[in-house]
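Please keep the sequence and the structure in view while reading.

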Amino acid sequence: MIALDIALTLNAGTVLFFILAAAAVISAILVVEHKSLTYSAVFLAILGMANATLFVLLGFTFIAIFFISVYIGAAVTFILFSVTMFEEAPKVETPVRIVALVSVILVAALLAIGFSLNIGSEIPFTSPSYMELANLLTQKYGLALIIASLTLITTLIEAITIARKEETK
Amino acid sequence: MNIIVLFLTLSAILFAIGIYGLISKRTMLRMLLAAEINFNAAVLALVALASQSTSPATGEVVAVIATGIAAADVGIMVSIAMLMYRMKRRSDVYELEESKG
């Protein structure tokens with residue numbers, strides 16, 4: 001059992017949680033409310049990144065890696081590229097560039113401070129071993145894994161078939 | 001107070017935002033993005049609860065499979081939206097009523 005019964009004192013882990021929670025909520029609101037679909041897809045990627053970092057905070061490093069590589073790297077990027085086909089890419093105005101630059105500097109500074117505090121050592125967690133995970137995936141949940149793989153393959157074929165369908169006149 | 005409660009509260013807030021997006025928007029892609037917020041909230045709740053269970057690896061397996069399936073459903077939804085946009089030149093879901101069958 002992962003021990004996370006830490007008191008809600010303002011230690012570095014809790015502060016990091018609140019920062020990530022704020023980032024997640026603001027990103028989620030912007031995904032729904034932003035005028036441009038392209039930016040909405042970008043904010044969805046930011047939401048996914050915040051979520052993955054929260055997984056690491058809980059001790060689930062493997063899910064975080066999988067989430068970033070499969071979900072953000074494939075699914076959200078796919079949405080982003082598809083969205084740019086629907087509408088023109090929005091112009092990036094100078095004030096937005098300045099805001100982006102300031103944001104990048106702030107995030108870099110925040111991460112530098114966070115890493116220097118060595119946050120990971122403050123939250124006691126024991127991540128499940130990769131061997132146990134592999135055993136579960138191949139033995140107990142082998143059928144589920146096969147079904148998921150077949151779903152992915154059929155989805156790929158279905159997506160290509162639908163996307164290439166000719167216009168009905 | 002357990003920190004897991006905070007994770008579950010965050011998950012509930014994200015889920016509420018996703019539901020709001022699903023209800024209030026009528027563009028297909030915007031609704032897809034809102035549904036993805038719901039998925040993020042669900043996985044967060046799953047992982048938070050799995051961290052408290054006696055076998056966290058089981059929760060990890062379920063989260064991995066759920067993420068794979070979510071990637072698949074994104075592919076299908078975007079393909080349908082793309083086809084609809086090519087046929088109708090708009091992606092309003094109310095237009096789908098005319099495409100029954």
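**The contact between the chains**

The contact draws 59 residues from chain A and 52 residues from chain B. Two residues are in contact if their C-beta atoms, placed from the backbone, lie within 7 Å. On the side of chain A that touches chain B, two or more residues each are given by helix H1 (12-33), helix H2 (37-58), helix H3 (61-86), helix H5 (130-140) and helix H6 (142-163) of chain A. Helices (H or I, at least four residues) and strands (E, at least two) are DSSP runs, numbered from the N terminus. H3(A) supplies the largest share of this side, 13 residues. By type, the residues of the side of chain A that touches chain B are 46 nonpolar, eight polar and five charged. Here Ala, Val, Leu, Ile, Met, Phe, Trp, Tyr, Cys and Pro count as nonpolar, Asp, Glu, Lys and Arg as charged, and the others, Gly among them, as polar.

Residues are numbered from 1 along each chain as its sequence is written, while chains are lettered from A and ligands numbered from 1 in the order in which they are written. The model is predicted: local features need pLDDT of at least 70, side-chain atom pairs count only at pLDDT 80 or more, and totals for chains, interfaces and linings use all residues.

**Confidence**

The term pLDDT denotes the predictor's confidence in each residue, from 0 to 100. Chain A has an average pLDDT of 77, and 75% of its residues score at least 70. For chain B the mean is 84, and 90% of the residues reach 70 or more.

| Chain | Lowest mean pLDDT | Highest mean pLDDT |
|---|---|---|
| A | H4(A), residues 94-116: 73 | H2(A): 90 |
| B | H3(B): 84 | H2(B): 91 |

Over residues 1-7 of chain A the pLDDT is below 50. Where pLDDT is low, the predicted coordinates should not be read in detail. For the complex, the predictor gives an ipTM of 0.89 and a pTM of 0.77.

**The nonpolar core**

Which residues touch the most other members of the largest nonpolar core? They are Phe55(A), Leu44(B) and Val47(B), in a core of 59 residues. Elements of both chains give two or more residues to this core: H1, H2, H3 and H5 of chain A, together with helix H1 (3-24), helix H2 (28-50) and helix H3 (56-88) of chain B. The largest share, 14 residues, comes from H2(B). A nonpolar core is a set of buried Ala, Val, Leu, Ile, Met, Phe, Trp, Tyr and Cys residues joined through C-beta atoms within 7 Å. A residue is buried if 20 or more other C-beta atoms lie within 10 Å of its own, exposed if 12 or fewer, and partly exposed in between, with C-beta atoms placed from the backbone.

Not counting residues up to four places away in sequence, Val47(B) touches Phe55(A), Leu58(A), Phe60(A), Ile63(A), Gly59(B) and Ala63(B).

**Chain A**

Chain A contains six helices and zero strands. Buried residues make up 24% of its 169 residues. H2(A) is mostly covered, with 16 of its 22 residues buried. After H2(A) comes Gly59(A), whose phi is positive, near 105°.

Phe62(A) lies in helix H3 of chain A. Phe62(A) counts as partly exposed because 18 C-beta neighbours lie inside 10 Å. Leaving aside neighbours within four places in sequence, Phe62(A) is in contact with Tyr130(A), Leu133(A) and Glu60(B).

**Helix H1 of chain B**

The buried residues of H1(B) are Ile3(B), Phe7(B), Leu10(B), Ser11(B), Leu14(B), Ile17(B), Gly18(B) and Gly21(B). They lie on the same side of H1(B), because they cover an arc of only 125° around the axis. This arc is that of the directions from the helix axis to the C-beta atoms. The buried residues of H1(B) pack against H1 and H2 of chain A and against H2 of chain B. On the face turned away from the buried side, H1(B) carries the exposed residues Val5(B), Thr9(B), Ile23(B) and Ser24(B).

Leu8(B) is also found in helix H1 of chain B. Is Leu8(B) buried or partly exposed? Leu8(B) is partly exposed, since 16 other C-beta atoms lie within 10 Å. Apart from neighbours within four places in sequence, Leu8(B) is in contact with Ala45(B) and Ala48(B).
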